Amino acid sequence: MRILIGVTGCIAAYKACEVIRGFQKAGHEVSVVLTESAKEFVGEATFRALADGRVCSSLFADEDPIPHIALAREADAFLIAPCTANVAAKIAHGIADDLLTSTALACTCPFIVAPAMNVHMYDSAATQENLRTLEERGAFLIRPEEGYLACGDNGRGRFPDPEAVVQMTLEHMAEDLPLVGKRILITSGPTLEPVDEVRFISNRSSGKMGACLVQAALDAGAEVEIVSGPVPLSYDGRAKIRFVETAQEMMEAAKEAFPESDIAICAAAVSDMRPARAHEGKLKKGRDDDALGAIELVQNPDILSGLCQMKRAGQVVVGFAAETEDVVEQAREKLARKGADMILANLVGQGRGFGRDESEAWIVTEEGVTELGCRSKKEIAKAILELLSLNRAVEGDRA
Ligand code: CTP
């Protein structure tokens, strides 16, 4: 997920650095928006060094002409930590006079506020009413702790332990995630079919689509199991990963995981054929010319079809179709032939598709076709998971 952290002018601003680290350790991407006062406590350079997303503080200095809208659109959650009494008051009253408060007004994602201030400022009727207003409008409040405060007072107002702030934010977000409690099996990457002990038949699949699906499924709150062929990338460590090589191994692993899954997404580029015989040792020129010159091929099992045949009520199976022409028509045919519930069809060839980040895509189900247009793999994955979250079939009880 992309978490946007708002930092305001508070002595606890330095703790925001640890909050950033905490989200990153949990596999999330962090952008930062600062008030001018925050920069009096921690310099923008520190946040630039830590954050993996953007770091901005001005409505006008950023390359983006409308930075508050861009930040609001990109964010999956907006956490203001620490939040001063002043900023809480401004947001409660809809004042948007800098980048942070304008972004808060434009945000439609989950909004979390971690106030930190002097005990009397916190206890004041004005602050309490403002925080109540924010809560009533749907904000999640991470209350400050009691203790020794920077000003010398003792009482409620201390910014909590950054790890606890990260934990509470993630737990709060998990409550609303659409696929909490669902298990998703994803096949990904190419398969590798041995000719002998050094040679194989494979394809150019990068595993990128699978990795984006894993991320989107985890972000939607699902438990994810991946069965992957060899890929040059690493999957999100929160998922259970099983690496295989051949189509037959992938089939076995997928069949084993499927009964416990609510959804299966077959994104792997499975080799349609494999050598009838994998020779022991290495085939040698001269000695084994016959075997090298005529590799007999046999058909591999179709994993997508196999899972569709095993499907019981409530389970949903998604497949992919990479086509060079008549994309939607061929996807419809594949949907029916393989028995899938949904096919993500995309246009490949002429430099599109494999190994690329963008392609033109359609989601095809029995009910109809959703045209996604030209989207990145990340966006395609998000669209598939959004549709699966809305799918009534997925909401059904596991039999
Ligand atoms: N697939 C699979 N096992 C196979 C072949 C394909 O699970 N042995 C899955 C892919 O993961 C993908 C879908 O089937 O989700 C479409 O694969 P594709 O190769 O396009 O379909 P084919 O049936 O092989 O049709 P064609 O190659 O003629 O387009």
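Predicted model: local features only at pLDDT ≥ 70, side-chain atom pairs only at ≥ 80, totals over all residues.
A backbone N or O atom of F320 is placed 2.7 Å from an oxygen atom of the ligand, and a backbone N or O atom of P301 lies 2.9 Å from a ligand nitrogen atom. From the side chain of D272, a polar atom lies 3.4 Å from an oxygen atom of the ligand. The ligand taken alone exposes 570 Å², and 77% of that area is buried by the protein.

K334 belongs to helix α14 (residues 327–338) and E323 to strand β17 (residues 316–323), so the pair ties together parts that are 11 residues apart in sequence. Both K334 and E323 are buried.

Across the whole structure, 25 salt bridges were found. Among them is the pair formed by E29 and R2, whose side chains meet at 3.3 Å, N to O. This pair links distant parts of the chain, since E29 lies in strand β2 (residues 29–34) and R2 in strand β1 (residues 2–7), 27 residues apart. E29 has a relative accessible area of 26% and is therefore partly exposed; R2, at 25%, is likewise partly exposed. A further salt bridge joins K90 to D97, with the closest N and O atoms 2.7 Å apart. K90 counts as buried because its relative accessible area is 13%, and the cut-off for a buried residue is under 20%.

Helix α15 comprises 14 residues (residues 377–390). The buried residues of α15 are K377, I380, A381, A383, I384, L385, L388 and S389. In an α-helix, residues three or four places apart point the same way, because there are 3.6 residues a turn.

On the surface, M273, I295 and L297 form a nonpolar patch with about 220 Å² of accessible area together. M273 is located in strand β15 (residues 273–275). With a relative accessibility of 33%, M273 counts as partly exposed.

How values were computed. Residues numbered from 1 in each chain as written. Heavy atoms only, no water. Patch = residues over 30% accessible without salt bridge, like charges linked within 9 Å, V, L, I, M, F, W, Y side chains within 5 Å. Areas by Shrake-Rupley, 256 points an atom, 1.4 Å probe, with all protein chains shown as cover. Salt bridge = Lys/Arg side-chain N within 4 Å of Asp/Glu carboxyl O. Helix = DSSP H or I, 4+ residues; strand = E, 2+ residues; numbered from the N terminus. Buried < 20%, exposed > 50% of the residue type's maximum accessible area, 1.4 Å probe, protein only. Polar contact = N/O pair within 3.5 Å; in protein donor to acceptor, adjacent residues only side chain to side chain. Expected span 1.5 Å × (residues − 1).
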